[in-house]
Amino acid sequence: MKCRVCGAQANIRLPQYNSALCAGDFIAFFEKRVSGTITKYGLLSEQDRALVAVSGGKDSLSLWHLLDRLGFSADGIYIDLGIKEYSHISLVKTRQMADRLHRRLYSFSFSEAFSKGVKELARMMKRPPCSLCGTIKRYVMNRACTDYGYSVLATGHNLDDEASALLGNMLHWKEEYLWKKGVVLEAERGLAKKVKPFFLCSEKEAAAYALLNNIDYIYDECPYSLGAKTLLYKSLLNRVEDVSPATKIAFLKGYLKRAKAEGSRGQEQEEKGSCSVCGYPSYGEQCNFCRLMTKFGSGPAVRFDVYVPSEP
Ligand code: Q46
Ligand code: ZN
């Protein structure tokens, strides 16, 4: 198998592009694709200050590294869920990347804020861990953007994450979520712009990029991640992809075209009011986060630890 660009021994096969590439040409190809997504969908400009949501996994650390390579000014935000060994290793990996890039890393700790990890807090609040975690993470990451003056929050969601979530929403006709997936969610009252530069890049590509750039990431996923259904949808899509390469990309690109026509965000904005506590957009009198905090018994005291790597 030869590299399609230089003819040397290829290191990675990319059937979805009918191609195979050596390490150097794959890195260049991957960076160009992400750069193309950023330009095409208007994700970032040179004036933006971005915050990358980093978990210590391959996608988010590759994204942080890649944005830095492309010359974007990007710091990191890490949420410590208080899951013993997993959270400890994740924090070490994210700090390593902050050191490598000489970038700031903000972190928010469940244990410090609530004296409990995500599992214990979820049990106390009688909520599934991921639902509670999602509410808190969304609020906290946005707060980090607004408190420290970042215009964009970038996440490492990849093609496989997005395609499986979309398939799940379609199979169950979850109309309320169906048209809300996208490469970009524009800023609105108090909410920072959110972007997904890896939207059209597969999990395998992100893993190869991490490996070829010696990015040290945590292999384990969050223990609450990947419910049985998400795993099933991912494996079904992979089986289709094996027989018919590029199906996943076509699925998401087709979706993006239709979602644009739906223009769901505009409608949604008109229907939403403001949270009486924090002022963020909310369907009810209080937003999900503030309701949670009221139930927890304290106000939304959100504090960040700021890690500043020493100069090179
Ligand atoms: S929601 Fe659930 Fe994730 Fe939170 S508890 Fe882990 S898996 S981290 S994306
Ligand atoms: Zn609120």
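Reader: By class, how many nonpolar, polar and charged residues does the shell around ligand 1 have?

Author: This is a predicted model, in which local features need pLDDT of at least 70, side-chain atom pairs count only at pLDDT 80 or more, and totals for chains, interfaces and linings use all residues. Residues are numbered from 1 along each chain as its sequence is written, chains are lettered from A and ligands numbered from 1 in the order in which they are written, and side-chain values use heavy atoms, with hydrogens and water left out. The residues around ligand 1 (a heavy atom within 4 Å of it) are Leu81, Cys130, Cys133, Lys137, Cys222, Tyr224 and Ser225. With Ala, Val, Leu, Ile, Met, Phe, Trp, Tyr, Cys and Pro taken as nonpolar, Asp, Glu, Lys and Arg as charged, and the others, Gly among them, as polar, the shell has 5 nonpolar, 1 polar and 1 charged residues.

Reader: What arrangement do the 4 donor atoms around the zinc ion (ligand 2) have?

Author: Donors are N, O and S atoms within 2.8 Å of the metal (3.2 Å for Na, K and Ca), and sites may look incomplete because water is not among the atoms. Here they are the SG atoms of Cys275, Cys278, Cys287 and Cys290, 2.2 to 2.3 Å from the zinc ion. Four donors count as tetrahedral if all angles lie between 85 and 135 degrees. The angles here are 103 to 113°, so the arrangement is tetrahedral.

Reader: How many residues apart in sequence are the parts that Cys278 and Cys290 tie together?

Author: The donor residues of the zinc ion (ligand 2) follow the spacing C-x2-C-x8-C-x2-C. Cys278 lies in the loop between strand E9 (273-274) and strand E10 (281-282), and Cys290 in helix H13 (residues 288-296), so the parts tied together are apart in sequence by 12 residues. Helices (H or I, at least four residues) and strands (E, at least two) are DSSP runs, numbered from the N terminus. For the pair, then, the separation is 12 residues.

Reader: Is Glu162 buried or exposed?

Author: Glu162 belongs to helix H7 (residues 159-171). Buried means under 20% relative accessible area, exposed over 50%, partly exposed in between (1.4 Å probe, protein chains only). Glu162 has a relative accessible area of 2%, so the word for it is buried.

Reader: Where is Lys126, and what is its phi?

Author: Lys126 sits in the loop between helix H5 (118-125) and helix H6 (129-148). Its relative accessibility is 74%, so Lys126 counts as exposed. Phi is positive here, in a residue other than glycine, with a value near 55°.

Notes: Four donors count as tetrahedral if all angles lie between 85 and 135 degrees; four count as square planar and six as octahedral if opposite donors are over 155 degrees apart and all others between 65 and 115; anything else is irregular.
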